[in-house]
Amino acid sequence: MDEVLAAVGPRLKAIRQQRKCTLAALSEKTGISVSTLSRLESGQRKPSLELLLPIAQAHQVPLDELVGAPPVGDPRVRMKPFKQGDATTIVPLTQQPGGLQAFKMIIGPERSEPDQRTHEGYEWLYVLSGKLRLVLAQHDVVLKVGEAAEFDTRVPHWFGSTGEAPVEVLSLFGPQGEKMHVRARPRSA
């Protein structure tokens with residue numbers, strides 16, 4: 001933080017000089033005294049928002065430019081897919097550990113025999129392509145493209161392909177309490 005603050009003064013001076021503006025002229029535009037501006041530029045006075053906002057406005061530059069804020073990083077997530085068994089490819093879509101996690105899953109037709117499990121958490125599934133078979137406790141449902149399901153993962157569950165073709169699913173998995181409120185309808189008899 002000290003390094004960032006120390007760099008503000010020289011940056012203020014450089015911007016003012018690039019604009020061929022004197023301390024007196026800047027003082028007149030901002031209402032900040034010449035001595036205060038001089039002390040800011042020399043680092044003898046710590047910059048505050050109260051001082052930087054009028055200077056940014058006078059120079060018509062964003063406040064980020066005055067303080068040298070780091071550029072915003074590339075927001076794209078570039079996670080590597082991994083295999084789970086022989087039939088499932090998982091592409092993580094979130095980078096931060098903990099909290100809500102997003103995954104794209106491609107489940108092959110080989111994964112079609114239910115093997116129910118339980119664990120802590122809450123899951124929300126959305127079918128992107130194909131058909132997803134979800135066995136949740138005693139319910140056995142098939143979700144089609146555009147359908148979603150949500151469930152507490154402490155309930156015995158399993159999901160996979162119907163066995164006909166691969167299925168692509170968007171999965172949001174989170175700790176207890178982070179629930180999506182979209183429900184799948186049971187398969188009609």
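This is a predicted model: local features need pLDDT of at least 70, side-chain atom pairs count only at pLDDT 80 or more; totals for chains, interfaces and linings use all residues.

Student: What makes strand 1 and strand 2 a pair?

Tutor: Two strands pair if there are at least two bridges between them. Strand 1 (residues 82–84) and strand 2 have 3 bridges, in the antiparallel sense, so by the cut-off of at least two they count as paired. They form a hairpin with 3 residues between them, and G85 in that turn has a positive phi of about 70°.

Student: Why is strand 2 called largely enclosed?

Tutor: Buried means under 20% relative accessible area. In strand 2 (residues 88–92), 5 of the 5 residues are buried, so the rest of the structure largely encloses this strand. Both faces are covered: T88, I90 and P92 are buried on one side, T89 and V91 on the other. As background, side chains in a regular strand alternate between the two faces of the sheet.

Student: What is the strand order of the open sheet with 6 strands?

Tutor: The order is 1-2-3-9-4-7, with antiparallel pairing. Strand 1 and strand 7 (148–152) are at the edges because each has a single partner strand, which leaves one side of each without a neighbour in the sheet. From one strand to the next the twist averages 25°.

Student: How do you know that strand 3 and strand 9 belong side by side?

Tutor: By the bridges again: strand 3 and strand 9 (residues 167–174) have 7 of them, in the antiparallel sense. The cut-off is at least two, so the pair qualifies. Within it, I106 stands opposite E168 in strand 9.

Student: What makes strands 6 and 8 the edge strands of the sheet of 3 strands?

Tutor: That open sheet has the order 6-5-8 and antiparallel pairing. Strand 6 (139–143) and strand 8 (157–161) each pair on one side only, which is what marks them as edges. The twist here averages 15° from one strand to the next. Strand 5 (residues 132–136) meets strand 6 over 5 antiparallel bridges, and the bridge partner of L136 in strand 6 is H139.

Student: Is H59 buried or exposed, and how do you know?

Tutor: H59 has a relative accessible area of 6%. The limit for buried is under 20%, so H59 is buried. This residue is in helix 4 and touches I15, R16, R19 and L26, leaving aside residues up to four places away in sequence.

Student: Why is the pair of W124 and Y126 called stacked?

Tutor: Two tests apply: ring centres within 6.5 Å make a pair, and planes under 30 degrees apart make it stacked. The centres of W124 and Y126 are 6.1 Å apart and their planes are at 10°, so the pair passes as stacked. W124 is buried at 13% relative accessibility, while Y126, at 30%, is partly exposed.

Student: What makes R111 a charge over a ring?

Tutor: The distance limit is within 6 Å of the ring centre. The charged end of R111 is 5.5 Å from the centre of the F159 ring and sits over that ring.

Student: How many helices and strands does the protein chain have?

Tutor: It has 5 helices and 9 strands. Buried residues make up 34% of its 189 residues.

Terms used
Residues are numbered from 1 along each chain as its sequence is written. Side-chain values use heavy atoms; hydrogens and water are left out. Helices (H or I, at least four residues) and strands (E, at least two) are DSSP runs, numbered from the N terminus. Axes are lines fitted to C-alpha atoms, for helices over the stretch in contact, and angles run from 0 to 180 degrees between N-to-C directions. Buried means under 20% relative accessible area, exposed over 50%, partly exposed in between (1.4 Å probe, protein chains only). Rings of Phe, Tyr and Trp (its six-membered ring) pair if their centres lie within 6.5 Å; planes under 30 degrees apart count as stacked, over 60 as edge-to-face and the rest as tilted. A charge sits over a ring if NZ of Lys or CZ of Arg is within 6 Å of the ring centre and within 35 degrees of the ring normal. Contact means heavy atoms within 4.5 Å.
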